[in-house]
Amino acid sequence: MNTEEAEIRTLVSYCEDNLGDPHLWKTPDGYPESLALCIIDSLYSTGSHYTSVVNVIRRYKEKYPAGGTHGAEDLLRSIMEAGGARKWAEDVVQNRKPAHTRPGAPLKAEIIEQAAQLMIDLGIHTVPDLRRVVEEKPQDNPVYYGWKKLPSQSS
């Protein structure tokens, strides 16, 4: 058994021991219709209070009322229309949080721009596209390796 399999088994065991009956678990709402919101949420969530993520999502959806169905191209277009990732962070989502704490860290918005481009490059435009790619190659999918190459996403 490799390290990844051992970690998964440890997590499953912990969940079974500590989270009670799985039939009673609540499935989070998430963003089943919006790859854009999935990307934004996943990158703004790291190292942040979730309240700030909720605010970023709310501001994006206020600016783009159809944001609940936006794909990767829509997200990238919103960044370009704003004048780039820094302006998007300032004017659209009003959050200039850096991706990490080291000096010179890129903004999370800059990583979002790169993540949207990664998805487009991989031919992933929607949540169903993402699911298809991941389900076809669960152990060796290009999303996993591409995502881990993004700044501050290696762990």
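A: Let's start at Asn141, where a polar atom of the side chain lies 3.1 Å from the backbone nitrogen of Val143. Please keep in mind that this is a predicted model. Asn141 sits in the loop that links α7 (127–136) to α8 (142–149). Is Asn141 buried or exposed? With a relative accessibility of 6%, Asn141 falls under the 20% cut-off, so Asn141 counts as buried. Looking beyond the neighbours within four places in sequence, you will find Asn141 in contact with Val133 and Val134. Both of those residue numbers fall within the span given for α7, 127–136.

Now follow the chain past α8, into the segment where Ser152 and Gln153 are found. Gln153 has a relative accessibility of 12%, so it too counts as buried. The side chain of Gln153 makes a polar contact, at 3.2 Å, with the side chain of Trp147. Setting aside residues up to four places away in sequence, Gln153 touches Leu43, Ile111, Trp147 and Lys148. Ser152 is partly exposed, at 31% relative accessible area. Its backbone deserves a glance as well: the phi of Ser152 is near 70°, a positive value in a residue other than glycine. For context, a negative phi is what most residues other than glycine have. Gln94, in the loop between α5 and α6, likewise has a positive phi although it is not a glycine, in this case about 50°.

One of the contacts of Gln153, Leu43, leads us to α2, where Leu43 is among the buried residues. Helix α2 covers residues 35–45, and eight of its 11 residues are buried, so this helix is largely enclosed by the rest of the structure. The buried set is made up of Leu35, Ala36, Leu37, Ile39, Ile40, Asp41, Leu43 and Tyr44. What do these buried residues pack against? Their partners are α3 (50–63), α4 (72–82), α5 (85–92), α6 (108–121), α7 and α8. Two of those partners, α7 and α8, are the helices on either side of the Asn141 loop. Just after α2 comes Gly47, with a positive phi of about 70°.

Stepping back to the whole chain, the protein has eight helices and zero strands. Its radius of gyration is 17 Å, close to the 15 Å that the globule rule gives for 155 residues, so the protein is as compact as a globular protein of that length. Along the principal axes, the C-alpha trace spans about 45 × 35 × 30 Å. Of the 155 residues, 35% count as buried. Among contacts with a separation of 6 or more, 61% come from residues 24 or more positions apart.

Technical notes:
Residues are numbered from 1 along each chain as its sequence is written. This is a predicted model: local features need pLDDT of at least 70, side-chain atom pairs count only at pLDDT 80 or more; totals for chains, interfaces and linings use all residues. Side-chain values use heavy atoms; hydrogens and water are left out. Helices (H or I, at least four residues) and strands (E, at least two) are DSSP runs, numbered from the N terminus. The radius of gyration is taken over C-alpha atoms; the globule rule is 2.2 Å times the number of residues to the power 0.38. Buried means under 20% relative accessible area, exposed over 50%, partly exposed in between (1.4 Å probe, protein chains only). Contact means heavy atoms within 4.5 Å. A polar contact is a pair of N or O atoms within 3.5 Å; within protein, one must be able to donate a hydrogen and the other to accept it, and residues adjacent in sequence count only if both atoms are side-chain atoms.
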